[in-house]
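User: I'd like to learn how to read a few features of a model like this one. Can you take me through them, general idea before the particular case?

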Amino acid sequence: MLGATKSVILMTLTISSSLFTISEQYSNCSPINPMNITNCKKLITLGAEFGWNIHSNNQIDILFSIKISGDHRAKWLAWGVNPGPHRPKMVGTRAIIGISQPNGTLAVRKYNITSDTRLGCRLQPSQDFDDVIVKTMKGDVLADKYMSIFATLILPPDPAAYNISKLNHLWQVGFEADDVHLEPKMHSTALQNVDSTETLNLNSGRGISIGHRRHHLRKVHGILNIVGWGTLLPLGVIIARYYRRYPFHCQKWYVLHVSCQIVGYSLGTAGWAIGLWLGRASRHYSFPTHRILAMFIFAFTTLQMLALRLKPTPSDDYRKYWDMYHHFLGYALLAAISVNIFNGIAILKPDKTWLWAYIGVLSVFAVIALGMEIFTWGKFIFTSRKNRQAPTATAAVSADNNAEAPQASQGPGPPSEGPQANKTRIAN
């Protein structure tokens, strides 16, 4: 069993590494680049991209872009700086917001984000900021592919508040706005919107934030659960159903089944524990459906794993009822796991590769299970017909033998002489 478990672990690490590779994202500068920005990076949320040029310790050019599509077109986009030295937050941000106009252009204005904005008050354009000077402020849209805003910023000579080696910046996207009064409406409160903050070193291009750390932990949480709960557990079920006795018999089916379940349970439990920590550390949002399903999955999967030690022996009278419960609960867990993984992907809103990768995994399992079921039932029907025909053929052969037996006993005499004639001869 140890060798099989090592093989499963190796396969798991291979899948995980490929998923991590998929998760890595790189970016060139946006096609909208009138200021010849050379330093560009893909931000961790909202599919946003940020570029910059440094002219001096307090003067920078910035370019902020988002991708758009016809069925999911943003109404406004925003980027801003927040004074340090504390971590970036919405209140106090000096923001540049571009609002889409009916003619397809962007109207770009400055906005001072205050505590009243958090309370839901109307956000109106500001004339100027008290500390940050904004010049050459414009926006552009490229053929329904990109929306961008760009500007030149002169930061105040206060390294504690504005330092290009530790610049607090925020970004946001919204889908409702008053394009007449240039008033952006409230954005979504999804994870990606809440985590759209970063402290960026413009010299090295490296950024860090609480949202950045949580973003990576959520990726680890998702990968562990997809590989553990969503891949290895169903694989173990397929092995147990189709390679135990019928239609195929594999002598090591139990070792492979248990290895998949143990490794899958271990990875899933690790992902579940990370999810618990993320839930406790997140004060601004809650996902009750995802949490309840996760609790159900962990509790009853743990109960299933106890079967390694507590299952009844084959000679116990109630073994068949235990088998029914074990199988039914296993299939119910697979359904709950699939629903919760899709729910988690909808919450995280990662790259579409995640969604299609998991759909691909489910499709492969569905094709395998469907093919196995068709083969199993076909083999069962064929075997049943063959077994029904075998007694009929045996009875026919027996009848023919019984019919031929008297003639065989007549010997070489005339056909009219049978057993009665022989008796007459003996009597005579």
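**Reading contacts, cores and rings**

Analyst: Let's begin with contacts. Setting aside residues up to four places away in sequence, His-326 touches Gln-304 and Ala-307. Keep in mind that this is a predicted model.

User: Where does His-326 sit, and is it buried or exposed?

Analyst: For burial, go by relative accessible area: under 20% is buried and over 50% is exposed. His-326 has 18%, so it counts as buried. As for its place, that is helix 8, which spans residues 319–348.

User: Which residues does UniProt list for "binding site"?

Analyst: The unreviewed UniProt entry lists His-221, His-257, His-290 and His-326 under that name. An annotation like this may be inferred rather than shown by experiment.

User: Now the cores. How many residues does the largest nonpolar core have, and which have the most contacts inside it?

Analyst: The idea is to take buried nonpolar residues and join them through side-chain atoms within 4.5 Å. Here the largest such core has 34 residues, and Phe-64, Ile-66, Trp-79 and Leu-153 have the most contacts inside it. The elements giving it two or more residues are strands 2, 3, 4, 6, 7, 8 and 9.

User: Which residues is Trp-79 in contact with?

Analyst: Leaving out neighbours within four places in sequence, the contacts of Trp-79 include Phe-50, Ile-62, Phe-64, Ile-149, Leu-153 and Trp-171. Arg-94 and His-169 are also among them. There's a second, separate core too, with 22 residues, including Ile-223, Leu-233, Trp-272 and Ile-341.

User: And aromatic pairs: how many are there?

Analyst: You check the distance between ring centres, then the angle between planes; under 30 degrees counts as stacked. The count comes to 9 aromatic pairs. Take Tyr-265 and Phe-298: their ring centres are 6.4 Å apart and their planes are at 15°, so the pair is stacked.

User: What about Trp-272 and Phe-298?

Analyst: Those two are stacked as well, at 3.8 Å centre to centre with 5° between the planes. Trp-272 is in helix 5 and Phe-298 in helix 6, 26 residues apart, and here again the pair links distant parts of the chain. Trp-272 is buried, with a relative accessible area of 17%.

User: What else does Tyr-265 contact?

Analyst: Skipping neighbours within four places in sequence, Tyr-265 is in contact with Trp-229, Leu-233, Phe-298, Thr-301, Thr-302 and Met-305. With Thr-302 there's a side-chain polar contact of 2.8 Å. Tyr-265 is buried at 17% relative accessible area, and helix 5, where this tyrosine sits, covers residues 253–281.

Conventions
Residues numbered from 1 in each chain as written. Predicted model: local features only at pLDDT ≥ 70, side-chain atom pairs only at ≥ 80, totals over all residues. Heavy atoms only, no water. Helix = DSSP H or I, 4+ residues; strand = E, 2+ residues; numbered from the N terminus. Buried < 20%, exposed > 50% of the residue type's maximum accessible area, 1.4 Å probe, protein only. Contact = heavy atoms within 4.5 Å. Polar contact = N/O pair within 3.5 Å; in protein donor to acceptor, adjacent residues only side chain to side chain. Phe/Tyr/Trp six-rings, centres within 6.5 Å; stacked < 30°, edge-to-face > 60°.
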